[in-house]
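Here is a short report on one protein model. It starts with a strand pair, then turns to a single side chain and to the chain overall.

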Amino acid sequence: MSEGEASTSSAAAPQQQQKQTLWQMQNTKAQKEGPHATVYLVSGEQYKGDFHDNKRHGKGVVTYKNGDMYEGEWRDGVRHGNGTLWVFKGGKYHVRYSGEWVNDLPQGSGLFYDDAGNSYDGEWQAGLRHGRGRSVTGGRPVDGFGGDVYEGSWEHDVKHGTGTLMLANGDMYEGQWAHDLKHGQGTFFYMSRGRRYDGIWQEGVVKCGSYSEVQPAPPGAPGALPCIELCSPAGVLQEGAAAALGLAA
């Protein structure tokens, strides 16, 4: 690079910086306050609604660069309050989330749909399912027909606590969960086999319990039920040996 080119380049930098500074100054001077018509932002977003201290605040609608849209309440420039997020897919708008927001994330009560149409209606915390809620997977969101339905406790986006899972084939589990797996005391109704299991589960596997008949198994019912495993085989043997020695004495 020649000395002349270097001088031109070094002179252009302050000019560019000055332009940015002037733009920022003008933007600051043009403080937006109260209701506004559509505002076109540098990010490609379009916003129509209330402003306070140059920030989205109150009620308003934003259309994002990718076509998605949010309509609802704002506070200090972020989604906060009640609002609905729509995703633009296949030339149509579909509800992604409708409910309460805190600091730009779902929090409180809200209804969510994923791309496959599965739904969750319940409590949220920091954008995650947390609290009591109902999920429908593979069925009609309104009544869950044709899919799996879970109603119960959630923690950090997974089933955790107590809840009931109703499967599309008619089977049902009622009991405790941990980290999205059956864990603790629970009952599983194998309705297609006319049997039920009552007992302890550990990480999704039956451990200590018993099977009983709910109703006669229909013709052509599936075969064997899951095997029951002892929670502590060594402990059972020790207790049995101690009992035997006690009787012998």
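Strand E12 (residues 172-178) runs antiparallel to E13, with 6 bridges between them. Strands here are DSSP E runs of at least two residues, helices are H or I runs of at least four, and both are numbered from the N terminus. Two strands pair if DSSP finds at least two bridges between them. Glu-174 faces Thr-187 of E13. The two strands make a hairpin with 2 residues between them. In that turn, His-179 has a positive phi of about 55 degrees.

E13 also pairs with strand E14 (residues 195-202), again antiparallel, over 7 bridges. Gly-184 has Trp-201 in E14 as its bridge partner. This hairpin leaves 4 residues between the strands, and Gly-194 in the turn has a positive phi of about 70 degrees. E13 itself (residues 181-190) is mostly covered, with 7 of its 10 residues buried. Buried means under 20% relative accessible area, exposed means over 50%, and partly exposed lies in between (1.4 Å probe, protein chains only).

## Model and confidence

The model is predicted: local features need pLDDT of at least 70, side-chain atom pairs count only at pLDDT 80 or more, and totals for chains, interfaces and linings use all residues. Residues are numbered from 1 along each chain as its sequence is written, and side-chain values use heavy atoms, with hydrogens and water left out.

The mean pLDDT (the predictor's confidence in each residue, from 0 to 100) is 83, and 71% of residues reach 70 or more. Over residues 5-9 the pLDDT is below 50, and this stretch has 1 contact in the model beyond near neighbours in sequence. Contact means heavy atoms within 4.5 Å.

## Arg-56

Is Arg-56 buried or exposed? Arg-56 counts as buried because its relative accessibility is 17%. The residue lies in strand E3 (residues 55-63). Its side chain makes a polar contact of 3.2 Å with the side chain of Glu-45. A polar contact is a pair of N or O atoms within 3.5 Å; within protein, one must be able to donate a hydrogen and the other to accept it, and residues adjacent in sequence count only if both atoms are side-chain atoms.

Beyond neighbours within four places in sequence, Arg-56 is in contact with several residues, including Tyr-47, Asp-50, Trp-74 and Asp-76.

## Whole protein

The protein has 2 helices and 15 strands. Of its 249 residues, 28% count as buried. Among contacts with a separation of 6 or more, 11% join residues 24 or more positions apart.
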